[in-house]
Protein chains: 2
Amino acid sequence: MNFSRDENDVSAASHYPFLKTRIHMSILVVGSVAYDGIETPFGKRDRILGGSATYLSLTASYFTPEVNLVGVVGNDFAEADLQTLRNRGVNLDGLTVDASGKTFFWAGRYHFDLNSRDTLDTQLNVFEHFKPVIPDNLRKCDFVCLGNIAPALQSMVLDQVDNPKLVICDTMNFWIEGAKDDLLQTLKRVDVLIINDSEARELSNESNLVKAAVAIQDMGPRTLIIKKGEHGALLFTENEIFSAPAFPVLDIFDPTGAGDTFMGGFVGWLAASGDLSAENMRRAVIYGSVMASYCVERFGPERLIDLDQESLRIRYDAFKELSSIPAHD
Amino acid sequence: MNFSRDENDVSAASHYPFLKTRIHMSILVVGSVAYDGIETPFGKRDRILGGSATYLSLTASYFTPEVNLVGVVGNDFAEADLQTLRNRGVNLDGLTVDASGKTFFWAGRYHFDLNSRDTLDTQLNVFEHFKPVIPDNLRKCDFVCLGNIAPALQSMVLDQVDNPKLVICDTMNFWIEGAKDDLLQTLKRVDVLIINDSEARELSNESNLVKAAVAIQDMGPRTLIIKKGEHGALLFTENEIFSAPAFPVLDIFDPTGAGDTFMGGFVGWLAASGDLSAENMRRAVIYGSVMASYCVERFGPERLIDLDQESLRIRYDAFKELSSIPAHD
């Protein structure tokens, strides 16, 4: 089930109610595809589909038909998991199967409050030598979505694409500490950076998040999103700040992938609407938050497989109601 | 400059644009009046007017003329500081001058990021034996605002008042740990509890703030506000949750009194509007946040003395803009 760029017609729109036919954007997603072992206080999965590109693609697929995944898996990757992605309309032309080894595997155990976790196992496997190669037919994708991989690989992706309309990037403390120069080179070419509050502080050497944002915007990304977990997110565009609430989730089952899911909802909404205004970025941040709030309700990406558009709209409106400030009087 | 309850006429309204003439409520404020020694990374004051009742009263005075302070000061309390309160229209009939000793003194030094501080000195002085006595003419105040004092003293205040329309209460970890039974007795008589996130977690033994709120509402207060510092505040009313943003302050000069100031703005707005609906509580939370965001711009209560109504409205609108989620499309 691949979508070409000419298929954005009425039948596509009926599958994708968010789509504004003929203006939507294609998305290139680059990141990890993995198996995760997850333990939370509520249960355990020994091996479940994971990886940043997986969460990004599954989530974006609720908004737009043209989601193209670039990554690598090993000789143990199950056909059923490929089918999970295909069933959501994700184009796997850019997914390499490297028969020389196994798929990237990570295992972790969350602590009781779910705010911290211990890594129990990391096996890079075929991901260790991953060099993203963008197939010719994907080099003209409108949006490039760089999951959390080495900044040098992110730059390698940008070297291969043809003048994208928007480059969206994730990173983490590991790269800020270990590959800062590479990261600064990548950031010069990034339009939207999405990181969490501790990463923003570390990248900028500023404890005040507003000052941190100004410093990071000076590094390249004219738009910055700072995720604050249970405290929501801040969106910094060129002339304004938007403070998005977190959804008051009573029972977080498994936080794995919530950050990637946020990014997938953000880029998915922008692609479906084809509108990069500051006002529409606010909607995108809320759709990212909506998707992340669903993601944590079950293990891994399980909840991202069976959502429906009506649920997304209902929760969007719940976010709006949650933070609505009445007019003065 | 005292206001009697019959003076809520047009001339009062011209001083108090927030006032809906003839429906506003009188406020009884009980708490500490103190001198503080404050060191922040930006400067130092050896001795500046402080105390919860001071911040509460000064702040509420921007909204309504009927603010009545009950507290105690010592033989060293300066006439100029009394005048500061009187100039803002605060009625000092309930302020006792105890000539046997000095005024409560606290000194602290804030760390570089202003999120933590060391207490350098605490001299309870006349506050050590403070037993609040509510003058007869104040026993019928509409709203009772209990600053952060021992829960047994808060109950003592409630024993003396005549069927108030609203009881608003602050407390702190010190009392949750050291006077839990007294606190639980007080909470049964409280309508609105205002505490910070760590206090909410400790009081309820729940790490999830939504679960914490449910547990605390079961203790008595049907309305709960959880302050989250740089992350804003959550308002829990009977049927809904409101997530208020924090104002993105670039330079916090001195956080002393910000929590009391929040409470003063909250109760002040409710008193001026005379409307206890969930929708209007949202406005009150934002006015609390507005006042706190101004308070931290200077040392101690200095900024609370020279504000004007126009500034309050402008910042209210800035909060509204900051967190406004656009309609779906």
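## A tour of the two chains

Start in chain A: strand E2 (residues 34-40) and strand E3 (residues 43-50) pair in the antiparallel sense over six bridges. This is a predicted model. The two strands make a hairpin, with two residues between them.

E2(A) and E6(A) run parallel, joined by five bridges. Here A:Glu39 has A:Arg109 of E6(A) as its bridge partner. How many of the seven residues of E2(A) are buried? Five are, so strand E2(A) is mostly covered.

**The nine-stranded sheet**

Stay in chain A and show the open sheet of nine strands. Its order is E5-E4-E1-E8-E9-E10-E11-E12-E13, and the pairing is mixed. Which strands stand at the edges? They are strand E5 (90-97) and strand E13 (241-244) of chain A. Each has a single partner strand, so one of its sides is left without a neighbour in the sheet. On average, neighbouring strands are turned by 15° against each other, direction ignored.

Strand E12 (residues 233-236) of chain A pairs with E13(A) in the antiparallel sense, over four bridges. Pick A:Leu234: its bridge partner in E13(A) is A:Ser243.

Next, select helix H7 (residues 197-204) of chain A. H7(A) packs on the sheet and touches strand E10 (192-196) and strand E11 (223-227) of chain A. The direction of the helix makes about 110° with that of E10(A).

**Helix H7 in chain B**

Now go to chain B and select helix H7 (residues 197-204) there. Its buried residues are B:Glu199, B:Ala200, B:Arg201, B:Leu203 and B:Ser204. What do they pack against? Show helix H5 (173-178), strand E10 (192-196), H8 and strand E11 (223-227) of chain B. Step just past the end of H7(B) to B:Asn205, which takes a positive phi of about 55°.

**A loop residue**

Select B:Val33. It sits in the loop between strand E1 (27-30) and strand E2 (34-40) of chain B. Is B:Val33 buried or exposed? It has 31 C-beta neighbours inside 10 Å, so B:Val33 counts as buried. Leave aside the neighbours within four places in sequence, and B:Val33 is in contact with B:Gly51, B:Ala53, B:Thr54, B:Gly71, B:Val73, B:Leu95 and B:Thr103. Then draw a distance to B:Phe77. B:Val33 and B:Phe77 are 44 residues apart in sequence, and their C-alpha atoms are 9.6 Å apart in space.

**Where the chains meet**

Zoom out to both chains. The contact takes 27 residues from chain A and 27 residues from chain B. On the chain B side, colour helix H8 (209-217), strand E13 (241-244), helix H10 (278-295) and helix H11 (309-322), the elements that give two or more residues. H11(B) gives the most, with five residues. By type, this side of chain B divides into twelve nonpolar, six polar and nine charged residues.

Last, superpose the copies. A rotation of 180°, with 0.0 Å of shift along its axis, places chain B on chain A with an RMSD of 0.0 Å. That is the relation of a two-fold axis. To find the axis from chain B, pick B:His231. Of the residues of chain B, B:His231 comes closest to the axis, at 3.0 Å from its C-alpha. Among the interface residues of chain B, 96% are also interface residues in chain A, so the copies meet through the same surface.

Conventions
Residues are numbered from 1 along each chain as its sequence is written. Chains are lettered from A and ligands numbered from 1 in the order in which they are written. This is a predicted model: local features need pLDDT of at least 70, side-chain atom pairs count only at pLDDT 80 or more; totals for chains, interfaces and linings use all residues. Two residues are in contact if their C-beta atoms, placed from the backbone, lie within 7 Å. Ala, Val, Leu, Ile, Met, Phe, Trp, Tyr, Cys and Pro count as nonpolar, Asp, Glu, Lys and Arg as charged, and the others, Gly among them, as polar. Two strands pair if DSSP finds at least two bridges between them. Axes are lines fitted to C-alpha atoms, for helices over the stretch in contact, and angles run from 0 to 180 degrees between N-to-C directions. A residue is buried if 20 or more other C-beta atoms lie within 10 Å of its own, exposed if 12 or fewer, and partly exposed in between; C-beta atoms are placed from the backbone. Copies are superposed by least squares on the C-alpha atoms of residues with pLDDT of at least 70 in both.
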